[in-house]
Structure formats: C-alpha cells, structure tokens
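Hello,

Here is the structure I promised to pass on to you. Could you have a look at it alongside my notes?

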Amino acid sequence: MINMLLAHTLEVDDKDLALRDILLQLDLPHCQKNHSVGIIHCTHPFIESGVVQAICERLPFPVLGINTLLHSSALGLVDNMLLTITVFTSDDIKFATGLSAPLEAKGNLKANIADIYVETENLMSSRPSLGLVFGPSLTYCAMGEILVEVLNEVSDGVPFFGALAADYSTYIRHPRIIYNGKTYNDRLGIILMEGKLSPRFCVYPVSDKKTIRQKAIVTDSEGNLIRKVNGMPVLEFLESLGLCWAGQISGTHTIPLFLDRNDGQPPIVRTIQSQTPDGGIILCGNAPVDTTLGFGAMDIKHILESVRRVSILMKLLNPDVFYLYSCISRNIALGLNYTAEMEAVHHDLEGLVPYLFSYSSGEICPLIQKDGRWHNEFHNMSLVTANF
C-alpha cells in the first residue's frame with residue numbers, strides 16, 4: 001500500500017515561506033512511513049526563484065519531477081503559478097531513483113537511457129513492479145519513441161508511466177527535469193517501485209472522427225523530419241489543405257497527424273513540433289518513408305467528455321494514487337477556457353480521490369497486449385491515467 005501526501009504553494013518569491021507552507025501541509029513527522037519519494041510539478045518561475053531547490057534540499061528523500069504550463073491536484077487549486085509536491089510513502093513498497101547522463105542525439109542517447117535503468121534497478125533487491133519516468137522535450141529526435149523503445153528492451157516488460165516536461169506559452173521555453181533540486185534540459189529521471197502493486201493504466205486518445213479524408217504518403221523523411229509528402233515539399237502539401245499560409249503552419253501543436261506505418265498496428269497520433277528553415281516539419285515521433293498520413297482536428301467536446309469518463313472511473317476504483325497527464329495540445333485547443341479539463345475533474349470528484357493532474361509535451365503509458373503483458377508506448381494529444 002502507498003499513501004499519497006499532497007502539498008502545494010503559490011509562494012514563488014519567498015523561499016522560506018514556500019518551504020514552511022509545504023512542510024506544514026505534508027506533516028511528515030506524523031505521516032511519513034519507512035520508504036518515501038517525492039514528485040514535484042511546477043511552473044518555471046519556481047525554478048528561477050530558488051524555491052524548488054530549497055524545498056528539495058529540505059525534504060528527507062529523493063525528489064523528481066518536471067516543470068509544466070499548468071497542473072492541479074486533489075487540493076483544488078488550478079493556477080498557472082503553482083508548485084505541487086506529491087509524496088509516495090509506504091512501509092512495504094520500496095523506491096529507487098536515478099538521473100541519466102546527458103542525452104545527445106548523435107552521442108550515446110540509447111545507451112544512456114539503458115544505463116540509468118540498469119543502475120537504478122541494481123539498487124533494488126528484486127525486479128521492480130512499476131516505473132515512473134520524466135523526460136526532456138528534445139526537438140532534434142523522437143525522444144518519446146526512443147525512450148519507450150529502450151525501456152521496453154532493457155526492462156523486460158516493466159510498465160512505465162510518465163511525461164515529458166512542458167514549459168510552453170506560444171513557443172517552447174525552458175522545459176526542465178527536476179532531480180533533487182537541480183534542473184536539466186537534456187536528462188532523464190526515473191523512479192522504480194519494488195513490492196506488490198497492481199497498477200491500472202488507461203489511454204484516451206484524440207478523436208479520429210474529425211479527419212480530412214484525403215490521405216497522404218511520406219516520400220522523403222529522416223527520423224522525425226518530413227521533407228516531402230506525395231512527392232511535394234511538405235509545406236506546399238499542407239498549404240493545399242489550408243493548414244499552411246505563406247510558409248507558416250497554422251496551429252502547429254493542435255493538428256493531429258494520424259500515422260499508419262503499415263506494420264499491422266493501429267495508426268498512432270503525432271503532433272508537429274516545429275518547422276525547419278529549409279521547409280521541413282519536425283514531428284514528435286518518427287515518420288518513415290511510405291508512412292500513410294491522415295490529418296485531423298481537435299474536438300473540444302471530445303476532450304471534456306473523455307476527462308469526465310476518467311472522473312467516473314476514479315470514483316469507482318477509489319485508488320491510493322491516481323495520476324493523470326494530458327497533452328499540452330489539448331490545453332491549447334481549449335482556448336480561453338484552458339482550465340476546463342482540470343476543473344471538470346475537481347468538480348466531479350469533490351476531494352474524494354487523491355490525484356495529480358498535469359499537462360505534458362508527450363505521455364508515456366503502457367497498453368495491454370493480447371498475452372496480458374504491458375507494453376510501454378509513447379502518446380501525443382492523449383489523456384493518460386495510472387492508478388495503484
């Protein structure tokens with residue numbers, strides 16, 4: 001059994017006041033058990049002001065996490081200037097944490113991911129039952145896909161749940177991984193859990209009901225960089241669909257791309273991260289030559305309906321821990337009503353279930369296979385949940 005402690009603060013300027021606020025809410029002398037780990041979510045100013053470092057240095061256990069555009073918890077606040085600490089504490093579940101070496105696309109990226117898993121697992125006395133992973137938002141490679149590919153191989157099927165950092169306004173700013181008070185833009189943090197756990201995972205993808213019927217074929221690509229579609233420069237093709245004007249893509253992060261890699265698996269959804277100076281587009285995942293593309297649109301009604309289904313599930317399961325990560329593209333699609341998704345969860349639950357809800361730049365969540373084993377997958381434009 002894991003107890004989930006929650007604390008949050010709006011105090012971004014005064015480190016001492018923020019620290020006192022967090023410690024009073026956690027009440028560790030009365031609530032902490034034999035084994036503990038902290039998970040932190042915050043907006044970037046808490047990093048710049050030193051509040052994150054002060055809190056992490058004071059807590060008597062490892063603390064990992066990410067900065068994000070927006071998050072909330074069962075405590076009720078939904079604010080774009082917020083820091084929240086989640087503490088997992090248990091007498092029978094043990095935790096081990098690790099931070100990777102820098103992840104360089106042309107260096108030892110895969111090896112460094114594998115190494116940190118092995119190093120962290122070696123701290124445990126038995127095979128982990130669950131892992132949490134926090135990754136950087138790297139645009140020069142398909143970070144999420146590479147991450148789950150390596151974890152699936154090296155862990156031999158340990159289920160992983162987590163997110164990529166998401167500091168974003170009208171552009172990607174300073175997405176950071178947080179590890180024991182220090183922050184990084186190019187490293188990976190993981191938490192492994194050892195003990196008897198029976199986690200449940202759910203994925204709520206973007207709706208495929210609003211798609212452009214015209215399909216396209218990738219004819220020139222390299223990794224997650226697409227240069228040509230149907231033999232045309234990709235920006236010209238997007239312009240023919242009304243998705244690009246004067247060489248600039250409209251609503252880059254809110255255009256769902258359904259990729260069918262013709263491998264017998266269902267199409268996956270990916271977003272456009274950015275454009276290149278020479279007219280290519282960079283996706284959040286790889287798009288090999290001959291991949292079939294379908295273009296869709298975000299459906300606000302579908303976004304809110306899916307999060308309400310999650311609320312019903314949370315009340316039925318009544319878990320010790322419930323984590324939700326929603327793609328930042330869903331938040332952007334909500335427009336001026338950008339808190340609607342989180343407010344719907346809080347309104348429906350009325351404080352009955354402990355949870356943490358955060359936006360991410362990409363979601364890691366397992367899917368169940370026909371043989372009953374979990375297979376870790378990278379998702380875009382999805383809402384993913386884990387409870388245990």
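This is a predicted model: local features need pLDDT of at least 70, side-chain atom pairs count only at pLDDT 80 or more; totals for chains, interfaces and linings use all residues.

Residues are numbered from 1 along each chain as its sequence is written, and side-chain values use heavy atoms, with hydrogens and water left out.

Let me begin with the open space. The largest pocket has a volume of about 1,100 Å³. (On a 1 Å grid over the protein atoms alone, a pocket is an open set of points with protein on both sides within 12 Å along at least five of seven lines, whereas a cavity is a set where a 1.4 Å probe fits but cannot get out; lining residues have an atom within 4 Å of a point. Points are joined across faces, edges and corners, and a volume is the space filled by probe spheres set on them.) Lining this pocket are 38 residues, and Gln 265, Pro 266, Pro 267, Ile 268 and Glu 377 lie nearest its centre. Elements giving two or more residues to the lining include helix H6 (143–155), strand S20 (268–270) and strand S27 (374–379); helices (H or I, at least four residues) and strands (E, at least two) are DSSP runs numbered from the N terminus.

What about enclosed space? The whole structure holds 2 cavities of 30 Å³ or more. The second largest cavity takes up about 60 Å³, and its lining includes Cys 141, Met 143, Cys 284 and Phe 378.

Now to the loop between strand S22 (281–283) and S23, where Thr 291 sits. Is Thr 291 buried or exposed? Thr 291 is buried, because its relative accessible area is 1% (buried is under 20%, exposed over 50%, partly exposed in between, with a 1.4 Å probe and protein chains only). Beyond four places in sequence, Thr 291 contacts residues including Ala 216, Leu 259 and Asn 262 (contact means heavy atoms within 4.5 Å).

Pro 288 is in the loop between S22 and S23 too, and is partly exposed at 39% relative accessible area. Its backbone oxygen lies 2.7 Å from a polar side-chain atom of Thr 291. Not counting residues up to four places away, Pro 288 touches Val 218, Ser 221 and Arg 261.

Best wishes

Terms used: A polar contact is a pair of N or O atoms within 3.5 Å; within protein, one must be able to donate a hydrogen and the other to accept it, and residues adjacent in sequence count only if both atoms are side-chain atoms.
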